[in-house]
Amino acid sequence: MVANIILYILIFIMGTVFGSFFTLAIYRIPKRQDITHTHSYCPNCQHKLGILDLIPVFSYLFLGAKCRYCKERIRPRYFIVEISSGILFVTLAYLININIFSWNINIIADSAFLALYLCFLFIMAGIDKENRQINKAITVYGIMISILYIIYLCTVEKANIYRYVIYLIFYVAFLILDTITLKKFVKNSYAIGVMLTIITMAIFTGRFITLNSIILTLIDIIAYIMINKIKNHKKKNIKIEKTVEKNISIGFLLTVNNILCIICILVYYKIM
Ligand SMILES: [Zn+2]
């Protein structure tokens with residue numbers, strides 16, 4: 001019992017460390033800055049952060065949401081991402097029955113792939129929310145972990161490779177289409193970015209969860225359009241398509257709905 005509580009505290013801490021990495025990646029990747037080597041710094045005064053400033057969640061609470069050096073307010077976004085990532089890690093670990101007595105190589109491998117997938121989701125969604133852009137580097141990272149996961153499933157878990165061939169063909173087709181239409185490989189168009197994200201989602205969470213995530217996302221978008229129509233019914237000249245294009249981050253919505261669907265399915269299996 002005590003051992004399990006300690007395990008879950010460790011999983012929570014690990015979740016917040018991942019969360020802290022997500023905020024850094026979301027901030028730096030669109031600026032094309034290094035995410036592994038350059039020391040963390042305050043975006044306002046550029047002061048390098050010390051060990052104490054880097055402890056997720058606690059540093060935010062102890063420093064009173066201010067930079068220790070220039071007293072600039074730290075955006076609550078950092079705190080929110082760190083704490084929600086910690087809570088999500090604990091929730092998922094509980095739902096997939098991780099405990100100290102049931103360790104085996106499959107559970108470790110599955111958890112590792114889940115963590116890699118969550119990295120993809122969080123960073124893609126964060127960049128989309130901030131800049132309304134599906135970042136190409138993150139898309140490519142998603143494709144690489146998908147291929148690794150397929151290799152794992154087909155060799156260790158003896159899954160049927162043919163189930164996944166279709167996804168791989170879609171990946172290649174979309175990447176080629178994108179490169180031809182944009183005439184460069186470093187960027188991707190928003191629509192194709194969303195398609196590639198959906199394929200990665202399907203590989204990691206299966207067709208059923210992915211389909212539900214897409215349906216929920218469509219409902220969100222329709223609800224958003226309806227609310228906007230009601231709000232702006234007197235102003236005739238506002239183009240709904242333009243507000244949708246500017247304000248709706250599809251990658252972000254897909255991520256929220258995908259995580260909701262994963263949790264619902266896991267709760268269902270846990271109860272049944
Ligand atoms: Zn500062």
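Here is a short chat about a few features of this structure.

User: What should I know before I start?
Analyst: This is a predicted model, where local features need pLDDT of at least 70, side-chain atom pairs count only at pLDDT 80 or more, and totals for chains, interfaces and linings use all residues. Residues are numbered from 1 along each chain as its sequence is written.

User: How confident is the predictor in the chain?
Analyst: On pLDDT, the predictor's confidence in each residue from 0 to 100, the chain averages 88, and 94% of the residues score at least 70. Confidence is lowest in helix α8 (residues 240-247), at a mean of 70, and highest in helix α9 (residues 250-271), at 95. Helices here are DSSP runs (H or I, at least four residues), numbered from the N terminus.

User: Why is Ala 25 called buried?
Analyst: The label needs 20 or more other C-beta atoms within 10 Å of the residue's own, with C-beta atoms placed from the backbone; 12 or fewer is exposed, and in between is partly exposed. Ala 25 has 22 such neighbours, so it counts as buried. Ala 25 sits in helix α1.

User: What puts the buried residues of α3 on the same side?
Analyst: Those residues are Tyr 78, Val 81, Glu 82, Ser 85, Gly 86, Phe 89, Leu 92 and Ala 93. They cover an arc of only 140° around the axis, so they lie on the same side of α3. The arc is that of the directions from the helix axis to the C-beta atoms.

Terms used:
Helix = DSSP H or I, 4+ residues; strand = E, 2+ residues; numbered from the N terminus.
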